[in-house]
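Please keep the sequence and the model at hand.

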Amino acid sequence: MKIVDVRIDESVLPKKDKDWKFALAANPATEGWIVTIRCEDGSVGYGYASTMNHYGAPHEAVKGALDRLCKRLIGRDSREIASILDDLDQAMHGNNQAKSGIDCALHDLRARQLGVPLCDLFGGPAVREFATLRILPIKSPSDMAKNARALADKGVRHFKIKVHGEVEEDVERVRAIRTELGPDAHLTIDANQSYAAKDAIRALNLMAPYRIDLAEQPVEVKDLAGLKAVTQAVPITVEADEAAYSLDQVTILVRERIVDAISLKITKLGGLRKTFAAAQICDAGGVRYRMGAHVGPMLLAAHAMHLAAALPGIWYASELSEFDGLAEDPWEGLKLVDGVLHLSDAVGCGVTPKPAAMDSRRKSA
Ligand SMILES: [Mg+2]
């Protein structure tokens with residue numbers, strides 16, 4: 001089935017919370033690009049390429065990489081996913097965010113051609129329901145506790161507390177949220193590299209009595225020795241996120257036992273195929289893994305959910321419902337009830353553009 005057209009459409013989606021911050025930046029909107037691949041028979045697949053400044057993938061650079069890479073798809077047989085992705089890796093080093101958008105669109109296209117759910121391409125559904133972890137952006141401890149309460153009232157049971165390298169204030173954030181939510185909530189923290197190793201050890205030991213299930217990327221990406229020291233010194237599962245920025249890097253983190261767990265994201269690892277491989281490396285090396293924050297529209301979450309469905313070894317709640325924090329999402333098809341995502345038997349990734357979004361795409365074509 002020959003590929004005859006690839007479109008790249010901008011996707012800039014404001015969040016409900018205009019004051020959304022984490023340790024590295026303020027992000028009032030979610031930015032990326034939609035990749036639409038069309039075959040000669042009219043079959044179509046969709047993918048989302050994320051703008052990720054903190055992974056070295058600014059908005060314009062992702063578009064530039066997509067422009068160059070997508071040209072190579074025209075005329076190719078859409079069944080040859082492995083061969084096409086290998087060609088893209090040969091043609092351009094890195095640029096995993098752009099490649100992820102293409103990888104996802106190719107898998108979505110193939111699944112729709114075959115009339116099967118996308119997870120069938122990776123072994124079929126082992127999991128059908130996903131309790132999702134929601135992010136609490138950085139604010140004062142009392143405001144974060146209020147936001148946690150609002151999410152808990154919507155059914156959310158897993159929370160990620162963003163912290164920013166100030167030990168006492170960060171511990172107070174954790175204390176305030178635990179006090180607000182009570183003993184049943186599952187709490188994690190994400191420092192986004194903001195601690196020195198010794199401060200991370202001090203902070204996590206002070207947070208441990210409030211029962212933290214997981215601590216994400218406490219120190220800088222380049223400080224693997226510090227990351228390992230934190231992992232060995234605290235009674236909390238330590239997870240690499242930014243440090244697990246490629247399949248090669250996942251291999252190093254697992255081989256050297258630098259962390260207890262790894263946050264897998266299709267966006268940073270270059271798509272579904274490489275993320276599936278990363279999960280196998282973690283499994284083989286005895287390191288835990290789950291799907292980390294997939295910040296984007298429902299389309300991105302749908303791809304990540306289908307891969308998660310085929311990974312029965314995922315140890316903890318994944319982050320697959322950040323689309324719920326968008327002011328408006330131009331995609332539809334996922335079922336999120338009481339903080340739990342439900343896999344359906346719809347073909348492909350199960351998500352399609354809303355009719356209004358299709359109209360605006362036609363006008364701009
Ligand atoms: Mg993170």
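Predicted model: local features only at pLDDT ≥ 70, side-chain atom pairs only at ≥ 80, totals over all residues.

Q: Is Cys 104 buried or exposed?
A: A residue counts as buried if 20 or more other C-beta atoms lie within 10 Å of its own, as exposed if 12 or fewer do, and as partly exposed in between, with C-beta atoms placed from the backbone. Cys 104 has 31 other C-beta atoms within 10 Å and is therefore buried.

Q: In which helix does Cys 104 lie, and which residues does Cys 104 touch?
A: Helices (H or I, at least four residues) and strands (E, at least two) are DSSP runs numbered from the N terminus, and Cys 104 belongs to helix α3. Two residues are in contact if their C-beta atoms, placed from the backbone, lie within 7 Å. Not counting residues up to four places away in sequence, Cys 104 touches Gly 47, Tyr 48, Ile 266, Gly 271, Leu 272 and His 303.

Q: Which residues does Tyr 289 contact?
A: Tyr 289 is part of strand β13 (residues 288-291). With 27 C-beta neighbours inside 10 Å, Tyr 289 counts as buried. Leaving aside neighbours within four places in sequence, the contacts of Tyr 289 are Ala 261, Ile 262, Leu 264, Ala 279, Cys 282, Ile 314 and Trp 315.

Q: Why do the buried residues of helix α2 line one face of the helix?
A: In helix α2 (residues 81-91), the buried residues are Ile 81, Leu 85 and Leu 88. The arc is that of the directions from the helix axis to the C-beta atoms. An α-helix has 3.6 residues a turn, so residues three or four places apart point the same way. The buried residues of α2 line one face because, seen down the axis, they fall within an arc of 55 degrees.

Q: Against which helices do the buried residues of α2 pack?
A: On the other side of α2, Ala 82, Ser 83, Asp 86, Gln 90 and Ala 91 are exposed. The buried residues of α2 pack against α1 (59-71), α3 (96-114) and α10.

Q: Which elements do the buried residues of helix α8 pack against?
A: Helix α8 (residues 247-255) has Val 250, Leu 253 and Val 254 as its buried residues. They cover an arc of only 95 degrees around the axis, which puts them on the same side of α8. On the other side of α8, Asp 248 and Arg 255 are exposed. The buried residues of α8 pack against β11 (237-240), β12 (261-264) and α10 (272-285).

Q: How are the axes of α5 and α6 arranged relative to each other?
A: Axes are lines fitted to C-alpha atoms, for helices over the stretch in contact, and angles run from 0 to 180 degrees between N-to-C directions. The axes of α5 (residues 167-181) and α6 (residues 197-207) come within 10 Å and cross at roughly 30 degrees. Angles under 35 degrees count as roughly parallel, over 145 as roughly antiparallel, 65 to 115 as roughly perpendicular and the rest as oblique. The two helices, α5 and α6, are therefore roughly parallel.

Q: How do the residues of the contact of α5 with α6 divide?
A: Val 167, Asp 170, Val 171 and Val 174 in α5 meet Asp 199, Arg 202, Ala 203, Leu 206 and Met 207 in α6. Ala, Val, Leu, Ile, Met, Phe, Trp, Tyr, Cys and Pro count as nonpolar, Asp, Glu, Lys and Arg as charged, and the others, Gly among them, as polar. The residues of this contact divide into six nonpolar, no polar and three charged.

Q: At what angle do α4 and α5 pack?
A: Two packed helices are described by the angle between their axes and the distance between the axes. For helix α4 (residues 141-153) and α5, the axes are 8 Å apart and the angle is about 35 degrees.

Q: Is Gln 217 buried or exposed?
A: Gln 217 is found in the loop between β10 and α7 (224-233). Its phi is near 35 degrees, a positive value in a residue other than glycine. With 26 other C-beta atoms within 10 Å, Gln 217 is buried.

Definitions and conventions: Residues numbered from 1 in each chain as written.
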